[in-house]
Amino acid sequence: MKKALAMFVSLAILSSLFMPVQGAVAGINSANSVIVLPTTKIVNGVPLHIGEDAITGSRLGAFLVLNGISQGTYTATVSVPVEYHSVIIPDNNQTYKLNPIDMPDVGINVSDQPVGHAVVVQVNFSRVSFNSTKGMVEFLDRSIEIIFNENTTPLDIGGDYKVVPTTVDGRDTMYFYFYTEADSESKGLGDSIIVGGWKIKMLDINLDVSKMLIELTYPSGLIKTKTMTEDKYYVMYVDANGAEDFEEYDTYPSARINELLEAGARNVFLFTPTDFFVGINNVQMVTYDYWYYEKVKQYSDGEVYKGQWVWDIDPANGLYTLYLHVNESLASFPRVFIGEGDSIKLPTDWGLELTAVFTRDENGAITGVEGYRFVRVATVTRTISITAPKVEATGNVYDFIIEDTDLTSLPSDKNVIIIGGWVSNKAWILLEDVYGKAAIDAIKAEIEQNGYVIKELDNPENPQYKVIILAGKTYEETRLAVEKFMEEN
C-alpha cells in the first residue's frame, strides 16, 4: 500500500502546487510528521474502503509537503515505484482464476473466460506444493497458464494486427500479421500509392470506361504494366516461399485472403478502385480502398515464447495459452522454486508477479505457506517544479506515510496523524495503550454522534508534537475530517 500511495502523493502535489497554506498546528509539515493509514481489508466479510482512505491520506501528504515549502524554484524528475497487491489466495488444490474483486488494480481485463478482450490468468494449485526441505514453494508443469484469444495476445507488434491460427505439417501454428487499411482515399494521375513493398503508379485514366493503366512495382523490384477497373479487386502478395503474384476478382475475395494468410504469406495487398473523376484543375483522379497484411511473427505449438513460458495453440477454438513449462530432462526447463522475497513473473509487459506468503514458527523459521498473492509493479515518472528557497520536507514519501502495523510506539520527534476509525486502523490499539481506554472510548462516542472527529492530543513522548486523529464513521466522513483539517491549517 505504501508504494501505491507514493504515486497519489506525486500527482496531488502537481495538481495543488500553488494552493496557499497557513498553519494552525504550528509548523506541521512532512518533515516533522507521519501519516498512519489503515490496512484492514475485510471485517466480518464486509470490504472496507481502504483505497479511498489511501487517496484521502495522499492528499493530506501532499498538503504537508507544501506546508514545508516557501519561495524559490526547484525542478526534479521523480520516479516512483507503485505496487498493487491482490488478497491472499489459499491453496485448496483448486484451479484459481485471477479476478478484479481479489485484485481491483490488476491493470488488465481479466475474466474466467477468454472472450472479447478478456484474458484468463489461472493457477492450478494441485500442481503447486510446499517443499519443507528447501523451505520453498515448487511450481510444476502447467501450474500457471495465461489464456488469450486473437484480441488479447500479449505480443507488442505495434498498431493493429490479425492473428491467424492454422496447422502446418501437422503442428498447430499461429501467424501474427500487422494490419492496416485505407478507406476512400484519392490520388491524381501521375501519383503513386506505396504500401509495404508494393508501388502503384497511375499512368493513364479512361473516365469513359472507368479504367486506369498502372505501373506496378513488386517488392522484388520487378515492374509490370497492368490495368485496373472500377469496383474490381486486385490481390497482390508474396507467399511463404517468396513467390510474387497479382490476381483479379469481381467481388471481395475474403476466401482467397484467408487462404493466403493461413498459408503463411509474407504479405498480402488487396486494392480496389471505387471511383474515377475529374478533380481540381481538371486533374483526373481515382478514389480507392485497400487492405494490407504483413507477417511479423509466428509461433508453433510447444514453442518457447520467453524463458520457460511455452505456447499451446488451439486453432479450432481460436485460443492461445502460455504456460509455465517444467521438464527436468531438458536443461532449459528446470524445476521452479520460489522462496521468501522471490516471485514468478508473468511473461508480459503487465508487471504481474505471483509470490508466496509463508508461515513461520516462533523462531522465525519458515514452516509452510499461508497462501499466495499476485503483485503488480509499475513505475511512474513525473517532473515536478516548485518555487521554494527553503524546503522543510521529507525527501522520501515512504518516510512519513506509513501503515498502521508499522506504528508500534509514538515517536518523540514527530507529529502523528491517524487516518480512519478503529475498525480499519490498527493504530487505535496503541492509542488505548497510551491514553487509556476511557479517553479513547470518548473519542469513539464522539464519532458515532457527530459522524467524524478532528482530535488533537498531546504526544506524551514530547509535548512539542501532537497526535491528531482524523476519522469518520464512513470513508466519506473521514475524507471530510481531512478536508476540514487542511482548511484550518
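Modeller: The accessible surface of this predicted model comes to about 23,500 Å². Carbon and sulfur atoms hold 47% of that surface.

Biologist: How many of the residues count as buried, as a percentage of the 489?

Modeller: Buried means under 20% relative accessible area. By that cut-off, 45% of the 489 residues are buried. The protein has six helices and 30 strands. Among contacts with a separation of 6 or more, 61% join residues 24 or more positions apart.

Biologist: How do I read the buried side of a helix?

Modeller: An α-helix has 3.6 residues a turn, so residues three or four places apart point the same way. Take helix H4, residues 427-435. Its buried residues are Ala427, Trp428, Leu430 and Leu431. They cover an arc of only 150° around the axis, and therefore sit on the same side of H4.

Biologist: Which exposed residues are on the face of H4 turned away from the buried side?

Modeller: Ile429 and Asp433 are the exposed residues carried there.

Biologist: What do the buried residues of H4 pack against?

Modeller: Their partners are strand S1 (33-37), strand S28 (415-419), helix H5 (437-450) and strand S30 (466-472). After H4 comes glycine 436, with a positive phi near 95°.

Biologist: Which residues of H6 are buried?

Modeller: In H6 the buried residues are Thr478, Ala481, Val482, Phe485 and Met486. Seen down the helix axis, they fall within an arc of 130°, so they line one face of H6. The helix covers residues 475-488, 14 residues in total. From first C-alpha to last, H6 reaches 20 Å, close to the 20 Å expected at 1.5 Å a residue.

Biologist: Where is asparagine 281 in the chain, and is asparagine 281 buried or exposed?

Modeller: Asparagine 281 lies in the loop between strand S18 (267-278) and strand S19 (284-300). Its relative accessible area is 72%, so asparagine 281 is exposed.

Biologist: And where is asparagine 282?

Modeller: Asparagine 282 is in the loop between S18 and S19. At 67% relative accessibility, asparagine 282 counts as exposed.

Conventions
Residues are numbered from 1 along each chain as its sequence is written. This is a predicted model: local features need pLDDT of at least 70, side-chain atom pairs count only at pLDDT 80 or more; totals for chains, interfaces and linings use all residues. Side-chain values use heavy atoms; hydrogens and water are left out. Helices (H or I, at least four residues) and strands (E, at least two) are DSSP runs, numbered from the N terminus. The expected span of a helix is 1.5 Å times one less than its number of residues. Buried means under 20% relative accessible area, exposed over 50%, partly exposed in between (1.4 Å probe, protein chains only). The arc is that of the directions from the helix axis to the C-beta atoms. Contact means heavy atoms within 4.5 Å. Accessible areas come from the Shrake-Rupley method with a 1.4 Å probe; for residues, only the protein chains shown count as cover.
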